[in-house]
Each structure stands twice: as C-alpha cells, then as structure tokens.
Amino acid sequence: MRPREGARYAFEIGPIRPPSEGRDQSLLIRATRNCPWNKCAFCGTYRGKRFEYRTPAEIKADIAEAKALADELKAASWRLGWGGEIRNEVISAIVRGNPEIYGEDAVPPELREARFHSLINVANWLASGAKTVFLQDANTLIMRTPELVEVLKAIKSTFPTVERITSYARSETAARKTLDELKALHDAGLSRLHIGLESGCDEVLAFIRKGVTAAQHIAGGRKVVEAGISLSEYVIPGLGGHKWSEKHARDTARVLNEIEPDFIRLRSLVIREGTDLHARYLAGEFEPLSEDEIIAEIRDFIAVLECRSYLVSDHMANLLWEIEGQLPEEKARLLKIIDDYRAQPLHKRLEFQMKRRLQSHLSVHGGIEPGTKAKVETAFKAIESKTDSMEKEVEAALAALKQGAM
Ligand code: SF4
C-alpha cells in the first residue's frame, strides 16, 4: 500500500444499515451521527448518543478515503495476478504487507478496528460490483438539502459505477421537505429511502413516542413517492400489544394503502432489554403478543392491504420469512402461508417456533450460552411429551433466544 501523508486509512462507519443493504454489500458512508429524535420506546440503537451533523467536507474526506482504499485493493489484485478481482487473498496481502497500518503493535486498537472495517466494507462492495451506497445514520434527510445534494454528487462523481444511493429517514422530516427539495435529491442520485413507519395507528404511535402521526406518515411517504424516490416502509407487527393489536393492523394497512410504497418490510416486535418499552413491559404497562398472536395480526394486516407494494419479511425478528411477494397479485398466496402455519397442531407450531428462533440465534452467536441452552432443552422436552406447561416453557426459551439475536 502506498503511504499517504496524513491518511487515516479508515472512514467512519455507523452502527447499523438495513439487511437489504447488507445483502447488496453497500458501501457505508456516514453522513450524520446517531439519531436526531432518539425517543422511540422500542429502540436502543443510539440511546445515550448525541446526534451530530457532519460537514460536507468531512463526508467528502471519507468518500475520498473509500476511493483510495478501493484503488489500493484493485492495484493489489492486479499485482497478485487476480486481474482486479477482489478476493480474500488480496485483503490478506494488504493487511500482512502493511504492519505499520494494520499491525497490532503499531496502531491503537480502535483505529486498527476502524481500518479493518473500512477495508472490508470497501472490499465487499467492490467484489459485489460497487453498485450501491448507503448513507448512515438514522435520518440523513435532516441535512440541509444543498449539502446533501453536494454529498450525493460527490459520491456519483467519485464512483461512476454506483447505481443506487439509499438512506434512512423519518416521515416527519420527509413531510417538512418541499417536493422540489426531494426531487432535487432524487436528481442528485438519492434512489431510495428507508422509513420506520412502525405503525399507522395514532394510539400506538403516541404510546411508543414515535414523534409522528399517521397523517404525517402519509404526507411524508406520499411526497417521497411523488418525488420519484423509491420507498421502503418498515412495520412492526406486535407493537400495539394486546391493547391495540386489531387497530394497529388495520390502521397501518390503511396508511400504507394511501402511501403505496415500493416495499413494505416486516420487523416483528422484539422487546429489547434496556429500552423504555422493556421497562414498561416489566411495569405491566405493555402486554406483548405471543408468536401466534403476531402471526394472526400479520394476517389481519395483509388482508386489509390494497396497495401495489412488495411485501418482505427480510429480518430474523419475523417467524415466517416466507411471507414475501407482490401485492395485490400474491395476496392470496401470502395469506395461505399464514393459514397453513396456523392449521398445524399446537405442538408442531411450538416446535417450528423453537427451531426458527434457535437457527437465528446460532447464526448470530455461533453458539448458545448455558442458561439459554437449558431453557431450550426444557422446552423441546416439554413439546415432545406435550406437557401442559409446554407453552410456558417455549415462551421462556424464546425470550432467552431472542435477546441479542435480533
Ligand atoms: S427514529 Fe429510528 S433510530 Fe431514532 S429512536 Fe426512533 S427507531 Fe430509533
């Protein structure tokens, strides 16, 4: 690697990106830090972290660093005889050949980790065709429009192979932008926004402190669609608990029917320890749905959907990953997936739940800690012998498996 004076050999990467951007190996560019709202009761992603704008100059310096790393990776590949192809051997050669940049003794651990993350993000992105970029963190749309346009243009001019630039946004922020501003962002290269709708039910939105009403969701979402920006709306089945389950399903579907987003993505509720929702659950203020009740709620939700959207269950939080298809054409098929599941006897459904959740847990952790393992074994034994307590044992095992896995 050519030494570059003053180079950090790393660019900032925030904590999360949507699974679809992970699947596409998007290059991650951090346009702002953390979440400007940071009050949603179910979310702990940015808890305790202050929101910060980054200047276009800072962001463009990161884009330049990503470009330099991409050039180094390609050059190393040619040097090693791989003809520009980015393989593990290329990454290893760069790391091994540059101990002053990646060596354990030469660099503080945090910077070393940032350098590895940056190198691997760029390598994966190049290996998958260098086509997609995701702007972090929680609400990039909050940037002043001319500054965001400047960043989008910098990405497009630095990386001519990029076909798609996406980001997270809040409905409330989208609703505050003018249509012309959103069109300007689209023209500059913003292809898709991922918005956390969570619910279209005002009671649920108030309870979880989403800071947005159903009407604002509709106004923001419709404006994004009208500007020509592809829109993914995220829904959280189970978020209304027992109290609002029916209304949550119905109102959310109605709001989406009005927005007509390109994608509707399901993220079934997982109550994470350390969140306000977890505290309210412990205080008896929130009564969560069981796995089967969430599935029933999803059925009610899909039954009311009439929009032309692609429904996706691309997250481990969902029990039935099979619920995926184009609406309205495939609505009957999607409902049948749910009906087939619900038609199974209780012990079969519990066994299915356990196997799915165990699979998700193992894919994240690679193993299982002794306390959780004991609960899992007890639950499987209870299912096998169909004891009266099998539902209770499964509930305890699922709660343990879900923590940290999703
Ligand atoms: S807006 Fe998004 S990132 Fe921010 S607190 Fe709510 S769910 Fe979390």
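Q: Where does asparagine 318 sit?
A: Asparagine 318 lies in the loop between strand S9 (310-312) and strand S10 (325-326); strands here are DSSP E runs of at least two residues and helices are H or I runs of at least four, numbered from the N terminus. This is a predicted model, where local features need pLDDT of at least 70, side-chain atom pairs count only at pLDDT 80 or more, and totals for chains, interfaces and linings use all residues. Residues are numbered from 1 along each chain as its sequence is written, and side-chain values use heavy atoms, leaving out hydrogens and water.

Q: Is asparagine 318 buried or exposed?
A: Asparagine 318 is buried, with a relative accessible area of 2% (buried means under 20%, exposed over 50%, partly exposed in between, with a 1.4 Å probe and protein chains only).

Q: What does its side chain reach?
A: The side chain of asparagine 318 reaches the backbone oxygen of leucine 266 at 2.7 Å.

Q: Switching to helices, at what angle do H6 and H8 pack?
A: Helix H6 (residues 145-158) and helix H8 (residues 179-188) pack at about 15°, with axes 8 Å apart. Axes are lines fitted to C-alpha atoms over the stretch in contact, and angles run from 0 to 180 degrees between N-to-C directions. H6 and H8 are therefore roughly parallel (angles under 35 degrees).

Q: And which residues of H2 meet H6?
A: Pro56, Ile59, Lys60, Ile63 and Lys67 of H2 are in contact with H6, meaning heavy atoms within 4.5 Å.

How values were computed:
Angles under 35 degrees count as roughly parallel, over 145 as roughly antiparallel, 65 to 115 as roughly perpendicular and the rest as oblique. A polar contact is a pair of N or O atoms within 3.5 Å; within protein, one must be able to donate a hydrogen and the other to accept it, and residues adjacent in sequence count only if both atoms are side-chain atoms.
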